[in-house]
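Visitor: I would like to go through the contacts in this structure with you and ask, for each label, what it rests on.

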Amino acid sequence: MHPYLIFLLLLCSIPLLIVLLQLMFYPAFWVILVLAVAGFFVFVYIRQKQKGFLDCVSGYSHGEQKRILYVYPDRVTIDDIEIIRLEKIQSASVHKHSDWIRAGGGFGVKREYKTLSISYINKDGNHSVYSFLSGKNPGNSFDRICNLINNKVGYVPPPDTSKIPHEL
């Protein structure tokens with residue numbers, strides 16, 4: 001971002017912070033805040049129960065197209081349009097890579113990205129891999145989805161032997 005734009009955003013956020021600080025002294029503010037947070041979690045829970053999925057994650061596939069990957073008890077779907085049956089999935093894996101991005105003012109920022117790869121047998125009987133790229137700094141959501149898929153299909157990843165001492 002341009003330095004002047006950052007300065008303008010900070011300048012506009014100061015009155016907002018003052019208003020929030022004044023509201024913090026009213027008990028009704030805290031009641032409304034707690035109700036809003038509780039309402040959000042109830043909404044997410046009800047949505048998940050209605051759709052029937054176990055977990056979901058958002059990311060990118062096929063270039064810059066933002067999509068949502070849902071894991072159901074019997075299938076994995078991408079935006080509920082592309083379906084991969086669990087019987088056809090062989091394994092899932094997560095690969096992590098990071099880049100240093102030069103931000104405004106010449107400072108470097110480390111961005112972490114993860115790629116979820118799902119190996120499966122497609123409808124023609126051929127081996128295929130579906131790759132799903134995370135946004136920046138995804139946390140552990142891709143690892144959680146990978147473990148869920150591998151547990152559902154019964155795949156046990158091989159142990160990491162790179163940390164075990166060995167002779168070259």
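Visitor: What makes the contact of Asp55 with Arg144 a salt bridge?

Guide: In this predicted model, where local features need pLDDT of at least 70, side-chain atom pairs count only at pLDDT 80 or more, and totals for chains, interfaces and linings use all residues, the closest N and O atoms of Asp55 and Arg144 are 2.6 Å apart. A salt bridge requires a side-chain nitrogen of Lys or Arg within 4 Å of a carboxyl oxygen of Asp or Glu, so the pair qualifies. Residues are numbered from 1 along each chain as its sequence is written, and side-chain values use heavy atoms, with hydrogens and water left out.

Visitor: Which parts of the chain does this pair link?

Guide: Asp55 belongs to strand S1 and Arg144 to helix H3 (residues 141–153), 89 residues apart, and the pair thus links distant parts of the chain. Helices (H or I, at least four residues) and strands (E, at least two) are DSSP runs, numbered from the N terminus.

Visitor: Why is Asp55 called buried, and why is Arg144 called partly exposed?

Guide: Buried means under 20% relative accessible area, exposed over 50%, and partly exposed in between, with a 1.4 Å probe and protein chains only. Asp55 has a relative accessible area of 14%, and therefore counts as buried, whereas Arg144, with 38%, falls in between and is therefore partly exposed.

Visitor: How do you know that Glu112 and Lys96 form a salt bridge?

Guide: Their closest N and O atoms are 3.9 Å apart, which is within the limit of 4 Å. This pair also links distant parts of the chain, with Glu112 in strand S6 (residues 108–121) and Lys96 in strand S5 (residues 89–102), 16 residues apart. Glu112, at a relative accessible area of 25%, is partly exposed, while Lys96, at 58%, is exposed.

Visitor: What can be said of the salt bridge between Lys114 and Asp143?

Guide: Here the closest N and O atoms are 2.8 Å apart, and the pair connects Lys114 in strand S6 with Asp143 in helix H3, 29 residues apart. Lys114 has 5% relative accessibility and therefore counts as buried, whereas Asp143, with 29%, is partly exposed. Elsewhere, salt bridges that share partners join Arg67, Asp79 and Glu82 into one network, and a search of the whole structure finds 8 salt bridges.

Visitor: Turning to the aromatic rings, why is the pair of Phe53 and Tyr72 called edge-to-face?

Guide: Rings of Phe, Tyr and Trp (its six-membered ring) pair if their centres lie within 6.5 Å, and planes under 30 degrees apart count as stacked, over 60 as edge-to-face and the rest as tilted. A search of the whole structure finds 7 aromatic pairs; in the one of Phe53 and Tyr72, the centres are 6.4 Å apart and the planes make 85°, so the pair is edge-to-face. Phe53 lies in the loop between helix H2 (27–51) and strand S1 (55–61), and Tyr72 in the loop between strand S2 (65–71) and strand S3 (75–78), so the pair ties together parts that are 19 residues apart in sequence.

Visitor: What makes the pair of Tyr70 and Tyr72 tilted?

Guide: Their ring centres are 6.2 Å apart and their planes stand at 45°, so the pair is tilted. Tyr70, with a relative accessible area of 6%, is buried, and Tyr72, with 4%, is buried. Phe53, Tyr70 and Tyr72 form one aromatic cluster.
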